[in-house]
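Please find below some notes on the model, arranged as numbered points.

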Amino acid sequence: MKVKFSIFNIQLSILMVTLALLASCTKEQEDFFPESSAQRADQTVASDIKVLTSAQNGWLMQYFPESQQSYGGYNVIARFTEDGKVEALGEFGATRTTSLYRVSQSAGMVLTFDTYNEALHVFSDPAAPLGGSAGQGLAGDYDFSILKATADSVVLKGKASGNRVKMVPMQSDQWEDYLAVIAAVEEGMIARKYTLTIGDTAVVAKRSDRTLTFSYMEDGEMVDAVISYIVTPEGYQLFEPVEFFGQKFSGFTYVEGTDVFTAMDNSNVSLGIIYPTLAELVSENWWSVTYSGLGATGKQYWDILGQVQDLLGETLYYAIFGTFDGNFGITFNSGGYWGSLLYVYQTVSDDEIAILYQGGNSSDNGAWYVQNAYYGTYMAGPFGRANEKHVYKLTADDPFNPSWILMTDEEDPDNTILLEGRLIPYPLNN
């Protein structure tokens, strides 16, 4: 018992000494941080605001909405003031708009665009004015973690998308002139289809929004690749460098008056414009169809289609014509259900196409909507129902890179269908 008691006393003494040392260390550590955590956060907020407001001509944001950069990147210019206001202008805005911003502490510093500003919130607008998904548009961010804030650059990270956004100071206050240069470069480089040459390999790349999609063989399997880019005064700048067939590159340099653009950092890689016919553009790509884009004949069918949707209790989210997900015809989304009405086509001439309805697709919900909701009559009506072969004359705003193509039935001039080259939700309401 005495032995055990002695050992206990020794252990107790050691414990008391250890606690005293810990208390001493704690006091010393407190001396390192005389300010509270709240005070330190306030200092960081003030420091970040000072950086944001230091760029007198504003900041150029290279902004990629959506977590997979599915729509490519866009330029936004923003100038911050100390009273919590931000003036901004984007590629889709006609004028500069002013709204509110805030820098706060929330698991790190966060930059929030508090009130609606067209230049930035247009990418997350539920009405989807730029296309994208119904209810969320291009799935853009308006809350950003601040990863770095210095006078020469600010690096943000979208809270929802996780995409990094780099901001650099504008060299001039002439924002409109800068964006005009961007528009001119895009006009000189844009096409629906390209030849992408990588070393000794050439593939066909298709453009959608600001992405390039192409397919290639790898280990005996076909692989689809998507490259996202933003337009700069120098050309197409990729979201991040990529490597294919042993060749790495980060973008393509614009040269006025040429149809072939060499990679910015690799002379073995180039992007050449292909000029397809209007018939090829219709048959090889997808296009949005809306009620307002139909002629008198088509509206009669879609008026009844609207009544069908009411009976179904479903919203028609999308109506797409052309080749989508490997099917040619009409692809739709009703109440969250995807389906397709299949057609076959024949190229009559460069600006004429004939199409013939085949029925609802049995591998998706197309057949169900034909059998139960009369889609084969009312949705298909403008394009032709069963046993109706229609030949359409094609016209466009640009013969090589159209934003829209008008199909005019050669036997019924009142049957016109406007195909638009962006994803437009709620087709019965647009």
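1. S334 lies in strand β19, where strands are DSSP runs of E of at least two residues and helices are runs of H or I of at least four residues, both numbered from the N terminus. At 0% relative accessibility, S334 counts as buried, a word that here means under 20% relative accessible area, with exposed meaning over 50% and partly exposed in between (1.4 Å probe, protein chains only). The side chain of S334 is joined to that of E314 by a polar contact of 2.5 Å and to that of Y375 by a polar contact of 3.4 Å. A polar contact is a pair of N or O atoms within 3.5 Å; within protein, one must be able to donate a hydrogen and the other to accept it, and residues adjacent in sequence count only if both atoms are side-chain atoms. Residues up to four places away in sequence aside, S334 touches Q309, E314, T315, L316, Y369 and Y375, contact being heavy atoms within 4.5 Å.

2. A word on provenance: this is a predicted model, in which local features need pLDDT of at least 70 and side-chain atom pairs count only at pLDDT 80 or more, while totals for chains, interfaces and linings use all residues. Residues are numbered from 1 along each chain as its sequence is written, and side-chain values use heavy atoms, with hydrogens and water left out.

3. Which residues does Y194 touch, leaving aside its neighbours within four places in sequence? They are M189, V203, V204, A205, R207, L212, Y236, L271, G272, I273 and I274. Y194 lies in strand β9 (residues 193-198) and, at 0% relative accessibility, counts as buried. Its side chain makes a polar contact of 3.2 Å with the side chain of Y236, and a polar atom of the Y194 side chain lies 2.9 Å from the backbone nitrogen of A191. Y194 and I274 are 80 residues apart in sequence, yet their C-alpha atoms are 5.0 Å apart in space.

4. Helix α6 (residues 296-312) has 17 residues, which at 1.5 Å a residue should span 24 Å, and its end C-alpha atoms are 25 Å apart, which agrees; the expected span is 1.5 Å times one less than the number of residues. The buried residues of α6 are T297, G298, Y301, W302, L305, G306, V308 and Q309. They cover an arc of only 160° around the axis, which puts them on the same side of α6, the arc being that of the directions from the helix axis to the C-beta atoms. An α-helix has 3.6 residues a turn, so residues three or four places apart point the same way. On the other side of α6, Q300, Q307, D310 and L311 are exposed. The cover over the buried residues of α6 includes β18 (316-324), β19 (327-334) and α7 (366-373). After α6 comes G313, with a positive phi near 75°.

5. The largest nonpolar core has 34 residues, and those with the most contacts inside it are F321, L341, Y343, Y375, M379, F383 and L394. Such a core is a set of buried Ala, Val, Leu, Ile, Met, Phe, Trp, Tyr and Cys residues joined through side-chain atoms within 4.5 Å. Apart from it lies another core, of 31 residues, among them A55, V76, Y101 and F123. As for L394, it touches L278, A279, V282, D351, E352, I353, I405, L406 and M407, not counting residues up to four places away in sequence.

6. The structure holds 11 salt bridges, each a side-chain nitrogen of Lys or Arg within 4 Å of a carboxyl oxygen of Asp or Glu. One of them joins D114 and R102, whose closest N and O atoms are 2.9 Å apart. D114 lies in the loop between β5 (109-113) and α3 (118-121) and R102 in strand β4 (residues 97-105), so the pair ties together parts that are 12 residues apart in sequence. D114 counts as partly exposed at 35% relative accessibility, and R102 counts as partly exposed at 39%.

7. E87 and R79 also meet in a salt bridge through their side chains (3.0 Å, N to O). E87 is partly exposed at 22% relative accessibility, whereas R79 counts as buried at 18%. The side chains of R385 and E388 form a salt bridge too (3.0 Å, N to O). Salt bridges that share partners join R79, E87, R96, D173 and E176 into one network.
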